[in-house]
Amino acid sequence: MNKSTNLLRQTLQGSKKLVITMALLLTVGISFSFAAPTDELRAIVKASFQRDFKGAMVISVENHPTFTKLVFDMDSQIFYAYYSDLGELMAVTRNLPPSQLPMPLLIKLKKDYTNYWISDLFEITKDGESRYYVTLENADTKLILRSENSFDDWDFFRKDKKTK
């Protein structure tokens, strides 16, 4: 009985070592399998960014499951670039002061939305075309308008009631 107990203990200790070794190897293997594509992805996006925005300074990078967002400074203005996993530029956005809107859009806002103030305004450039989004607010309501196909009119995008 003593011999069988010793044999059982040795077997269990050997099994524990094997399980721990296998777990360690599996963890290391998984870590390297995820690290390589991330490094490759970073290199692809970095090369694309440097080609698209020569002289721009990257402020921050956010990696998401299906895209990478870069915040950067170019000519003392902050921009946001969105790249696919293949390094393709999907869109560029920037916040705008109202004075940088095309004049017909600014006039339309001033004329039709006198009871609102602008709380957010940005431009999205995608495939060489610019689109504008504006958030307007008053005490009770928040409106989001967009101008996609023309630079002389706004389309209704969304309306939310403010909670009191």
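Student: Why is Asp 112 called partly exposed?
Tutor: Asp 112 has a relative accessible area of 36%, and since buried means under 20%, exposed over 50% and partly exposed in between (1.4 Å probe, protein chains only), Asp 112 is therefore partly exposed. This is a predicted model, in which local features need pLDDT of at least 70 and side-chain atom pairs count only at pLDDT 80 or more, while totals for chains, interfaces and linings use all residues. Residues are numbered from 1 along each chain as its sequence is written, and side-chain values use heavy atoms, with hydrogens and water left out.

Student: What makes the pair Lys 108 and Asp 112 a salt bridge?
Tutor: The rule asks for a side-chain nitrogen of Lys or Arg within 4 Å of a carboxyl oxygen of Asp or Glu, and the side chains of Lys 108 and Asp 112 meet at 3.2 Å, N to O, so the pair qualifies under that rule. Lys 108 is itself partly exposed, at 26% relative accessibility.

Student: Why are Lys 108 and Asp 112 separated by about one helical turn?
Tutor: Because they are four residues apart in helix α2, which covers residues 103-112; helices (H or I, at least four residues) and strands (E, at least two) are DSSP runs, numbered from the N terminus.

Student: What makes Glu 148 and Arg 146 a salt bridge?
Tutor: Their closest N and O atoms are 3.8 Å apart, which is within the limit of the rule, so the pair counts. Glu 148 is partly exposed at 25%, and Arg 146 is partly exposed at 23%. Elsewhere, salt bridges that share partners join Lys 108, Asp 112 and Asp 153 into one network, and by this rule the count comes to eight salt bridges.

Student: How do you know that Arg 94 counts as buried?
Tutor: Arg 94, which is found in strand β4, has 18% relative accessibility, and this value lies under the cut-off for buried.

Student: What makes the approach of Arg 94 to Glu 123 a polar contact?
Tutor: A polar contact is a pair of N or O atoms within 3.5 Å; within protein, one must be able to donate a hydrogen and the other to accept it, and residues adjacent in sequence count only if both atoms are side-chain atoms. The side chains of Arg 94 and Glu 123 are joined at 2.6 Å, and the side chain of Arg 94 also makes a polar contact with that of Gln 100, at 3.3 Å. Arg 94 stands opposite Glu 123 in β5.

Student: How do you know that β4 and β5 pair?
Tutor: Two strands pair if DSSP finds at least two bridges between them, and β4 and strand β5 (residues 117-126) have four, running in the antiparallel sense. Four bridges also join strand β3 (residues 77-84) to strand β4 (residues 89-95), again antiparallel, and in β4 the bridge partner of Ala 81 is Val 92.

Student: Why is Thr 135 called buried?
Tutor: Thr 135, in strand β6 (residues 129-137), has 9% relative accessibility, which falls under the cut-off for buried. Contact means heavy atoms within 4.5 Å, and, leaving aside neighbours within four places in sequence, Thr 135 is in contact with residues including Trp 117, Asp 120 and Leu 143.
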